[in-house]
Amino acid sequence: MIVKDVVCPFCGCLCDDIEVDVAENRVVAVTNACELGTKKLMGEKRMKNPILRDGDTWKDITYDEAIRYTVDMLTHAERPLLYGWSGTHGEAQCVGVHMAELVRGVIDNTSSVCHGPSILAIQEVGHPGCTLGVVKNRADLVIYWGANPIDAHPRHLSRYTRYADGFFLENAFRDRKVIVMDVRKTETANIADEFVQIKPGGDYAVLSALRAIVRGKEDIVPRTVAGVTREQLIRVVDLCKAAKFGAVYFGLGLTMTRGKYKNVRNAIELVSELNRHTKFTISAMRGHYNVYGSNEVNTWMTGYPFGIDFSRGIAFYNPGETTAVDILARKECDAALIVGSDPAAHFPRSCLKHLADIPVVQLDPYPNATTAFCNVQIPVAVTGIDAEGTAYRMDGVPIRTRKVLSTSYPSDEEVLSRIYREMQEAQAV
Amino acid sequence: MTFLMITGRTVNQGATVENKTSAGYAEETSTCFMHEFDMLELGLADQDAVRVAGPCGEVVMRAVASDEVEMGTVFVPYGPYANHIIAADTHSTGMPDFKSHEVEIEPTDEEPKTVHELMEELGGLAYDR
């Protein structure tokens, strides 16, 4: 059976034109998705039942036992950390916030190690963004800054930028210019009209130089800035000013390097400068398919996008203090619930040492690196494959993901709702 | 020799990220992409093992020549190997320095560890069923 218009549950593009061939309740073929999406939709090796670490061995347990363990762990913890949330649907994220509030814990999502700094910049200076459709149909200039979509968002170029036909572009491939700013000459740089190679750590200086040139102060710009010649910087500004509609997409090249959110702030301010001359927008290339959703859900429920601490009884937010990496590195939390992410693979080693010392429960369909640090892992349905739910695309558009398989796995929302209900009952006693 | 280590996404990393117990994921995330001249300087051939030492420890990876990286810079796909040596300091942002770490690289005869071995070294218990 072919299921059409499936939403890909891999990256922030949330491509919604996937065709999935299902036979005997298994995905046997995928059409239209990129390699990343195809591999996820055809994923195997799922955990069959909840497991419990018993000394140096693993024991199979029931969902009831796993849920009871999680309820006990969270209700007895002084400072629990509830981390992850980007690989699940908005409905589960809502339950997570309620749980964190009930136990006065900290809830953080994976954006603290991806575009969290971008959000800090947006909080400072705002965000002149737009939807992907607007870029596809109108943008005649696209800048990728510190982003490599060919590897990280493989269909971004064909659906929205380089190779996408647009309503207001007669010949999109010819009429749309692409500029890539990066420290590496990536595959994306190879298909750019203009590649600007920046010395590592030089993004802030290059952004400042571009802002000066847009302001007509090119005389004060040195001959080279972070390895980029003044002539090339002037050429980039000329291309930007000549565009009818420009769109900047920035990646972790700005957020993970020195300067972090200040780099993003400078990029947003460059876009503000360019808006004095023409129409320009800027957006983040979000990684997880619903990491944007975790920011949205957290913000509408608590006022803050990530790293929310309920220990005072009200929502408190201070990145660097209430964010997962810092809390683990300081050995501050005494229990961790991990949902829809794999911190053991993506956090620095000193954080993992603390995960090994505290009780950890993980909700994830697959064994991953964090499994090694779990006391209990609860396998769940994958949103977009055997569970449906709401996910936010990288431009902030909420999309209902579809269910293509029927399995007996409960969804994240079902498991979390049960844990939450039992936590309420435990607290009422 | 001192290098600047940058981490990031690759297609192979993304394609294997949901199957972290696979050999493909371990192979991709333990690859240290280097400039050919830097490899010559260190006497390395493709797939030779290198010890990469950062401020928080060291890890063994395999060197692979890449024309995407500049001399003095190495690129390692996101994963447990790079994170084994990255510091947890976030400078009050929540974000560690995933793309701006100085590391020391030298050839070694040791083999890269598996993801399971890395996790067990830190007190975890591998699950592979």
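Predicted model: local features only at pLDDT ≥ 70, side-chain atom pairs only at ≥ 80, totals over all residues.

**Entry 1: the interface.** Next I asked which parts of chain B face its partner. Strand 1 (2-8), helix 1 (11-16), strand 4 (57-65), strand 5 (73-77), helix 4 (80-83) and helix 5 (115-121) of chain B each give at least two residues to the side that touches chain A. Helix 1 of chain B gives the most, with four residues. I sorted that side of chain B by class and got 23 nonpolar, 18 polar and eleven charged residues.

**Entry 2: charges.** I counted six salt bridges between chain B and chain A. In one salt bridge, the side chain of B:Lys20 meets that of A:Asp342 at 2.8 Å, N to O.

**Entry 3: extent.** I noted 52 residues of chain B in contact with 64 residues of chain A. The two chains bury about 4700 Å² between them, and 60% of this is on carbon and sulfur atoms. B:Glu68, B:Leu125 and B:Tyr127 supply 16% of the area chain B buries against chain A, more than any other three residues.

**Entry 4: a cavity.** My search of the whole structure turned up five cavities of 30 Å³ or more. What classes of residue line the second largest cavity? I found 14 nonpolar, no polar and no charged residues. Among those lining it, A:Ile143, A:Trp145, A:Leu210, A:Val248 and A:Leu270 lie nearest its centre. Helix 13 of chain A gives the most to this lining, with four residues.

Note on methods: Residues numbered from 1 in each chain as written. Chains lettered and ligands numbered in written order. Heavy atoms only, no water. Contact = heavy atoms within 4.5 Å. Buried area = accessible area lost by both parts, 1.4 Å probe. Salt bridge = Lys/Arg side-chain N within 4 Å of Asp/Glu carboxyl O. Nonpolar A, V, L, I, M, F, W, Y, C, P; charged D, E, K, R; others polar. 1 Å grid on protein atoms, 1.4 Å probe; cavity = no way out; pocket = protein on both sides within 12 Å on 5 of 7 lines; lining within 4 Å. Points joined across faces, edges and corners; volume = space filled by probe spheres on them.
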